[in-house]
Every structure is written in structure tokens, then in C-alpha cells.
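Okay, thanks for coming, everyone. I'd like to walk you through one structure today, so let me put it on the screen.

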Amino acid sequence: MEILSEACGGSSGPLGILKIFPNPASSGFFVEYETPDFEPYDFRVYNALGQEMYRDTRTPNRFAAKRLEIDASNWAPGVYFVAIQRGNDREVKPVLVKVE
């Protein structure tokens, strides 16, 4: 049954950020993520001071890659923290934004 679920875009893993690329980023980056279901999830990016730089709520599509593109072209160089959250489940990973 799990093979059928995977073939149909099903997800059985925990909530998590699988990959952020490119990292370091210059003008933008992608976030590949995993969710245990297809409910809405909140995405946030914070700078090192804790200021929110990006906010979006997404509902994963059953038949598409779970990938989010974030434009960072107007951000100052530095370390940022990407968060995915729903309810009490949350994962945070860093990304470095540099000047081209």
C-alpha cells in the first residue's frame, strides 16, 4: 500500500525541511519539504534579529513536488532561518544569503 501511496503523491514521513538550495543563496532559494498530510502549512523566514522576512501558507499538492521558491533579492547579506509549522509541529533550518 505504501508503494501506491508514494506513486500517487502520498506522504507518510514526518514534517520536515529536506533541503534548502542553493545555500548560500544570492537572489533566492528553494525549500524542499515533507509533510505527513495535505493540510495547510505555515512557512516563515526570520533574520538573525528575529524579524519576519517572509510569510506564506501553503497546502501541498498531492501530485506535485513539495517545493517552495523564496525571493531574497532585496534582503541584506546574513543568516536567515526558514521555518515550516502546523500546530505544535515545527522545523527550522538556516540559510545564508550573500551578495552576488
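Let's start with Ala-83. Setting aside residues up to four places away in sequence, Ala-83 touches Asp-42, Phe-43, Arg-44, Tyr-46, Arg-90, Glu-91 and Val-92. Before I go on, please keep in mind that this is a predicted model.

So where does Ala-83 sit? You'll find Ala-83 in strand E6. And is Ala-83 buried or exposed? The relative accessible area of Ala-83 is 3%, so this residue is buried, the cut-off being under 20%. One distance to go with that: from C-alpha to C-alpha, Ala-83 and Pro-94 are 8.9 Å apart in space, and they are 11 residues apart in sequence.

Okay, zooming out. The protein chain has 1 helix and 7 strands, and going along the sequence you read α-β-β-β-β-β-β-β. Of its 100 residues, 30% count as buried. If you take the contacts between residues at least 6 apart in sequence, 51% of them join residues at least 24 apart. The chain exposes about 6,200 Å², with carbon and sulfur atoms supplying 50% of that.

Now the sheet that holds E6. This is an open sheet of 4 strands, in the order E4-E3-E6-E7, and the pairing is antiparallel. At the edges you have strand E4, residues 52-58, and E7, each of which pairs on one side only. From one strand to the next, the twist averages 15 degrees.

How many bridges join E6 and E7? There are 9, in the antiparallel sense. Those two strands make a hairpin with 2 residues between them, and Gly-87 in the turn has a positive phi of about 60 degrees. Pro-94 comes back here too: Pro-94 in E7 is the bridge partner of Phe-81.

Over to E3, which pairs with E6 over 6 bridges, again antiparallel. I want to stop at Asn-47, which lies in E3, residues 41-47. Its bridge partner in E6 is Tyr-80. Asn-47 counts as buried because its relative accessibility is 13% and the cut-off is under 20%. What does the side chain of Asn-47 reach? It goes to the backbone nitrogen of Leu-49, at 2.9 Å. Leaving out residues up to four places away in sequence, Asn-47 touches Met-53, Val-79, Tyr-80 and Phe-81.

Next, the other sheet. Here 3 strands form an open sheet in the order E1-E2-E5, with antiparallel pairing. Strand E1, 16-21, and strand E5, 67-71, stand at the edges with a single partner strand each, so one side of each has no neighbour in the sheet. The twist here averages 25 degrees from one strand to the next.

E2 covers residues 28-34 and pairs with E5 in the antiparallel sense over 5 bridges. If you want to find your way along that pairing, Phe-30 stands opposite Glu-69 in E5, and the bridge partner of Glu-32 in E5 is Arg-67. Which residues of E5 are on its covered face, and which on the uncovered one? Leu-68 and Ile-70 make up the covered face, while Arg-67, Glu-69 and Asp-71 are on the uncovered one.

Let me also point out the loop between E1 and E2, where you'll find Pro-22 and also Pro-24. The peptide bond from Phe-21 to Pro-22 is cis, with omega near -15 degrees. Another cis peptide bond joins Asn-23 and Pro-24, with omega about 15 degrees.

Last stop, the core. The largest nonpolar core has 20 residues, and those with the most contacts inside it are Phe-29, Val-31, Val-45, Ile-70, Trp-75 and Val-82. The elements giving two or more residues to this core are E1, E2, E3, E5, strand E6 at 78-86, and strand E7 at 89-97. So which elements does that list bring together? Take E1, E2 and E5 from it, and you have the strands of the sheet ordered E1-E2-E5; E3, E6 and E7 are on the list as well, and they belong to the sheet ordered E4-E3-E6-E7.

Key. Residues are numbered from 1 along each chain as its sequence is written. This is a predicted model: local features need pLDDT of at least 70, side-chain atom pairs count only at pLDDT 80 or more; totals for chains, interfaces and linings use all residues. Side-chain values use heavy atoms; hydrogens and water are left out. Buried means under 20% relative accessible area, exposed over 50%, partly exposed in between (1.4 Å probe, protein chains only). A polar contact is a pair of N or O atoms within 3.5 Å; within protein, one must be able to donate a hydrogen and the other to accept it, and residues adjacent in sequence count only if both atoms are side-chain atoms. Contact means heavy atoms within 4.5 Å. Two strands pair if DSSP finds at least two bridges between them. Axes are lines fitted to C-alpha atoms, for helices over the stretch in contact, and angles run from 0 to 180 degrees between N-to-C directions. Accessible areas come from the Shrake-Rupley method with a 1.4 Å probe; for residues, only the protein chains shown count as cover. A nonpolar core is a set of buried Ala, Val, Leu, Ile, Met, Phe, Trp, Tyr and Cys residues joined through side-chain atoms within 4.5 Å.
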